[in-house]
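Open the structure in your viewer and keep the selection tool at hand. Each stop below says what to select next and what is there.

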Amino acid sequence: MLYTKNNADFKFAQISNVRLLPCEALYYDATWVKAPASEGGRYKSPIENMSEAVRTMMRMDAEAAQESAASADAGFLWDFWYPAARSSEIAGPKLVTAMLLEVPLVLGRTSEGKVFAMRDSCPHRGIPLSYGRLDGKVVECCYHGWRFDACSGQCVEIPSLSSQDKLKVERIFAGHYPCEERDGYVWVYMNAPGTKLPETIPAAPALTVFSEKYKITHLSCELPSHIDHGIIGLMDPAHGPFVHQSWFWRKRGSIHEKAKQFEPIPNGFRMSPHSPSTNSAPYQLLKKITGEPVTTTIDFVLPNLRTEIDQSGKMWFSSRATVTPVRRDLCRIDFVAAWNLFFLPVAIFRMFGKVFLRQDQETMIQQAEGLKHNPRLMLIDDADRPAKWYFTLKANLIESRRTGAPMVHPMDGPTTLRWRS
Ligand code: FES
Ligand SMILES: [Fe+2]
């Protein structure tokens with residue numbers, strides 16, 4: 001039996017003056033039925049067992065759902081790793097919620113210490129699994145007590161089943177996602193809705209470090225912006241003298257013309273190794289201490305990673321900023337930095353880092369105010385060329401995934417960009 005929003009019996013329920021709203025959800029009967037001996041006597045799945053008419057209805061509903069999902073495309077890049085939470089937040093038997101690309105997630109850590117990520121929705125009636133409890137390596141739903149293996153999502157028990165029931169419990173799965181820990185974050189691989197995980201998935205990103213001993217710290221802040229605005233804000237060289245004016249970093253008056261060489265790299269672009277801006281005090285200090293030139297390399301790689309490596313002699317500083325889509329109107333910057341600079345205490349770095357992030361965040365809050373009214377926007381050369389590359393890389397990646405043809409890179413070789421900042 002298929003219960004849909006169009007099914008008259010299901011449309012409204014009057015329970016002592018409480019009117020339930022018509023339900024958009026699609027339910028189907030999950031009972032497995034034994035076929036007659038003439039058909040081999042095997043158990044048929046709920047889908048096989050449905051009449052052709054019912055199967056068609058479900059197919060039509062699925063197609064309609066896919067179409068509406070496509071028309072509501074939020075501009076996310078699927079099939080990549082995204083940081084969902086800090087490792088330190090996932091401890092003990094507690095279940096933690098997160099959202100990535102508008103997918104609600106429940107995260108936890110099994111009694112063996114392995115992190116897991118499931119869709120925060122019970123496949124029975126959709127109640128968030130995060131209201132349930134974690135028991136070793138099994139998540140139990142709070143509603144009817146269905147139990148799911150936390151790492152595979154596989155159902156392991158339905159308490160209401162009697163000895164007569166034929167339902168194959170192990171064929172029921174809660175949504176689950178590959179989950180890894182790196183550099184103090186829990187990363188979740190977000191495969192596109194309705195698609196199967198590929199056989200092999202790339203390793204989760206890891207911060208590059210250059211010595212055994214180093215300091216490391218993390219900062220994060222939310223931006224009330226679409227992911228694209230978050231990302232082009234991150235790679236935008238021209239806002240520095242206006243947004244990040246500080247006594248410790250630079251003054252507005254220090255604006256001057258710069259020429260930077262860029263080169264294509266897989267899925268992104270690199271600002272080729274160069275000596276960083278002479279108007280930034282920390283680089284001047286580093287050069288004084290080591291007596292050697294400072295070189296900086298900055299990469300941007302899809303879907304959202306900006307890494308920067310500064311080296312001078314044996315001293316190094318390595319950082320990564322990711323801008324992760326939470327919803328289409330909200331993203332989050334996660335910033336991690338590691339270094340072996342003896343003269344830079346973590347507390348001091350954090351103090352300056354927070355000022356920086358706060359300046360970006362305030363600007364994005366102000367920008368969101370303007371974007372509410374759908375203004376026309378501009379990208380200018382050369383200062384906005386990295387933003388143009390980002391949009392083209394993104395479009396070309398989507399196109400190459402659609403056609404199976406190799407991805408076309410927007411740059412045909414090294415290029416010099418000039419701007420004043
Ligand atoms: S809703 Fe989860 S077990 Fe019923
Ligand atoms: Fe900034």
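**Stop 1: the iron ion**

Select the iron ion (ligand 2) in this predicted model. Now pick out His-244 and Asp-360. His-244 sits in the loop between α5 (240-243) and β19 (257-265), while Asp-360 belongs to helix α7 (residues 346-371), so the pair ties together parts that are 116 residues apart in sequence.

What are the angles among the four donor atoms of the iron ion (ligand 2)? They run from 54 to 152 degrees, and the site is irregular. For four tetrahedral donors, the ideal angle at a metal is 109.5 degrees. Is His-244 buried or exposed? His-244 is buried, with a relative accessible area of 6%.

**Stop 2: helix α7**

Stay on the helix that holds Asp-360 and select Arg-358 and Glu-362. Their side chains meet in a salt bridge, with 3.3 Å from N to O. An α-helix has 3.6 residues a turn, so residues three or four places apart point the same way. Arg-358 is partly exposed at 40% relative accessibility, and Glu-362 is partly exposed at 39%.

Next, select Arg-133, Asp-135, Glu-140, Arg-147 and Glu-157. Salt bridges with shared partners join these five into one network.

**Stop 3: further salt bridges**

How many salt bridges does the structure hold? There are 20. One of them is formed by Arg-320 and Asp-183, whose closest N and O atoms are 2.9 Å apart. Arg-320 lies in strand β23 (residues 315-327) and Asp-183 in the loop between β16 (179-182) and β17 (185-190), so this pair ties together parts that are 137 residues apart in sequence. Colour the two residues by accessibility: Arg-320 is buried at 2%, whereas Asp-183 is partly exposed at 23%.

Then select Arg-327 and Asp-329. Their side chains also meet in a salt bridge, at 2.9 Å from N to O. Here Arg-327 is partly exposed, with a relative accessible area of 35%, and Asp-329 is partly exposed at 42%.

**Stop 4: helix α4**

Select residues 227-234, which make up helix α4. Why is this helix said to be largely enclosed by the rest of the structure? Seven of its eight residues are buried. The buried residues are Ile-227, Asp-228, His-229, Gly-230, Ile-231, Ile-232 and Leu-234.

Within this helix, centre the view on His-229. At 19% relative accessibility, His-229 counts as buried, because the cut-off for buried is under 20%. Which residues does His-229 touch, leaving aside those up to four places away in sequence? They are Met-364, Gln-367, Leu-371 and Leu-377.

**Stop 5**

Ile-216 belongs to strand β18 (residues 215-223) and is partly exposed, with a relative accessible area of 34%.

**Stop 6: backbone exceptions**

Finish with the backbone. Most residues other than glycine have a negative phi, and most peptide bonds are trans.

Select Leu-101 and Glu-102 in the loop between β8 (96-100) and β9 (103-109). Leu-101 is not a glycine, yet its phi is positive, at about 50 degrees. Phi of Glu-102 is also positive, near 65 degrees. Leu-101 is buried at 2% relative accessibility, while Glu-102 is partly exposed, with a relative accessible area of 29%.

Now select Leu-302 and Pro-303. A cis peptide bond joins them, with omega about 5 degrees. Pro-303 is in the loop between β21 (295-301) and β22 (305-312).

The peptide bond from Asp-381 to Asp-382 is cis, with omega near -10 degrees. Asp-382 lies in the loop between α7 and α8 (385-403).

Terms used:
Residues numbered from 1 in each chain as written. Chains lettered and ligands numbered in written order. Predicted model: local features only at pLDDT ≥ 70, side-chain atom pairs only at ≥ 80, totals over all residues. Heavy atoms only, no water. Donors = N, O, S within 2.8 Å, 3.2 Å for Na, K, Ca; no water. Tetrahedral: all angles 85-135°; square planar, octahedral: opposite > 155°, others 65-115°. Helix = DSSP H or I, 4+ residues; strand = E, 2+ residues; numbered from the N terminus. Buried < 20%, exposed > 50% of the residue type's maximum accessible area, 1.4 Å probe, protein only. Salt bridge = Lys/Arg side-chain N within 4 Å of Asp/Glu carboxyl O. Contact = heavy atoms within 4.5 Å.
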